[in-house]
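This briefing is meant to be read beside the sequence and the coordinates. Please keep both open while going through the points below.

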Amino acid sequence: MRRIWIVTVLLSFTLAAGCRQRSAGEDRSAADTTAQTGAPAAEAAADPGPQVVTVVATEYAFAPQEPIPAGVTQVRLEDRGRQPHHMELYRLADGKTVADLRAELESPRPMPGWVIGVGGPGAVGPGETVDATMLLEPGSYAYVCYAPDSAGVPHLKRGMLQAVEIASGPARATAEPAADLTLTLGEYGFTFSEPPTAGRHTIRVENPGAQMHQAFLYRLDPGRTLDEFVRWTDAGETGPAPGRWASGLSALSPGLHAYFTTTFEPGEYVVICYVGDTADGRPHYLHGMVQQFTVR
């Protein structure tokens, strides 16, 4: 995103002369401060971090905080419903609307190129909160939840598709989060920079692949297996669950990156991608993009 900062400085001759007449004592004071701290006395204020936007999910709607300013943004999804939810955050190309997106999502066609997945909070259970941090450029966006209800019907078909605007104007200059793990997405697998350990982690997710991908995390109950999770998934997530959703990141288009923060407990986890393949439309997990990993 382009940021243009225009600073106009007008100095009169009198003011310049006054500055040159600053006392030697003031000069020594400034020099002492620099020597002691390693920084000028007029050092800029510390980066306050990403702006935070909270979105509430219920059956079957999102309640966003609007307008959302452009810039590096942490989106927190609070599930105040009775079912698991997640939030795909799509940026729509100029001239495209949520009505256009709905028509595409209801068709068997692959996701069109004018839909850009910028990430978004992954899957979370009732009463829980999950976050994702990404750069939001000005424009038209949409929130979508595909999670199935107890009858296996995707929440999208229940109306969980909502427009949101990212306001135009200069974005606040904010650094991205400091990540301690990197998760790389590709055709068709996941690669952690190092094995996740118990505790809180900020994870940078990168998609150097050729297709849109996501990374939903699921914690298996003791004794449950990856095969049981896949059978439950194939059945539309109906029947007794083999564990619980544990955060992650929603769909991310090729060449982009985003972040999420989660706390791992020791145990067995699954990471999965449900995005439809551009060639055959089948979910990527059916192409092998589902993996089990252990947290110690």
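In this predicted model, His213 belongs to strand E13, which covers residues 213-220. The residue has a relative accessible area of 0% and is therefore buried, and its side chain makes a polar contact of 2.6 Å with the side chain of Glu187.

**Surroundings of His213**

- Glu187, the polar partner of His213, is joined to Tyr188 by a cis peptide bond whose omega is near -5°, and Tyr188 is placed in the loop between strand E10 (181-186) and strand E11.

**Backbone features elsewhere**

- A cis peptide bond also links Glu59 to Tyr60, with omega at about -5°, and Tyr60 sits in the loop that runs between strand E1 (51-58) and strand E2 (61-63).
- Glu237, in the loop between helix H4 (226-234) and strand E14 (243-252), has a positive phi near 60° although it is a residue other than glycine; at 18% relative accessibility it falls under the 20% limit and so counts as buried.
- Ser247, which is part of strand E14, likewise has a positive phi, near 90°, in a residue other than glycine, and with 7% relative accessibility Ser247 counts as buried.

**Ala198 and the end of the chain**

- Ala198 is found in the loop between strand E11 (189-192) and strand E12 (199-206), and its relative accessibility of 36% lies between the limits of 20% and 50%, which means that it counts as partly exposed.
- The C-alpha atoms of Ala198 and Val295 are 6.0 Å apart, although the two residues are separated by 97 positions in sequence.
- Apart from neighbours within four places in sequence, Ala198 is in contact with Phe264, Pro266, Val295 and Arg296.

**Nonpolar cores and cysteines**

- The largest nonpolar core holds 58 residues, of which Phe62, Leu89 and Leu101 touch the most other members.
- Leu101, when neighbours within four places are left aside, is in contact with Tyr90, Leu92, Trp114, Val115, Ala142, Val144 and Leu161.
- Another core lies apart from the largest one and has 11 residues, including Ala123, Phe216, Tyr218 and Tyr285.
- In soluble globular proteins, nonpolar side chains tend to be buried together.
- The structure holds zero disulfides, and Cys145, at 0% relative accessibility, counts as buried.

**Whole chain and confidence**

- The chain has four helices and 17 strands, and 42% of its 296 residues count as buried.
- Among contacts with a separation of 6 or more, 69% are between residues 24 or more positions apart.
- The average pLDDT of the chain is 86, and 83% of the residues score at least 70.
- Over residues 1-44 the pLDDT stays under 50, and the model has 20 contacts beyond four places in sequence for this stretch.
- Where pLDDT is low, the predicted coordinates should not be read in detail.

Terms used
Residues are numbered from 1 along each chain as its sequence is written. This is a predicted model: local features need pLDDT of at least 70, side-chain atom pairs count only at pLDDT 80 or more; totals for chains, interfaces and linings use all residues. Side-chain values use heavy atoms; hydrogens and water are left out. A disulfide is a pair of cysteine sulfur atoms within 2.5 Å. Buried means under 20% relative accessible area, exposed over 50%, partly exposed in between (1.4 Å probe, protein chains only). pLDDT is the predictor's confidence in each residue, from 0 to 100. Contact means heavy atoms within 4.5 Å. Helices (H or I, at least four residues) and strands (E, at least two) are DSSP runs, numbered from the N terminus. A polar contact is a pair of N or O atoms within 3.5 Å; within protein, one must be able to donate a hydrogen and the other to accept it, and residues adjacent in sequence count only if both atoms are side-chain atoms. A nonpolar core is a set of buried Ala, Val, Leu, Ile, Met, Phe, Trp, Tyr and Cys residues joined through side-chain atoms within 4.5 Å.
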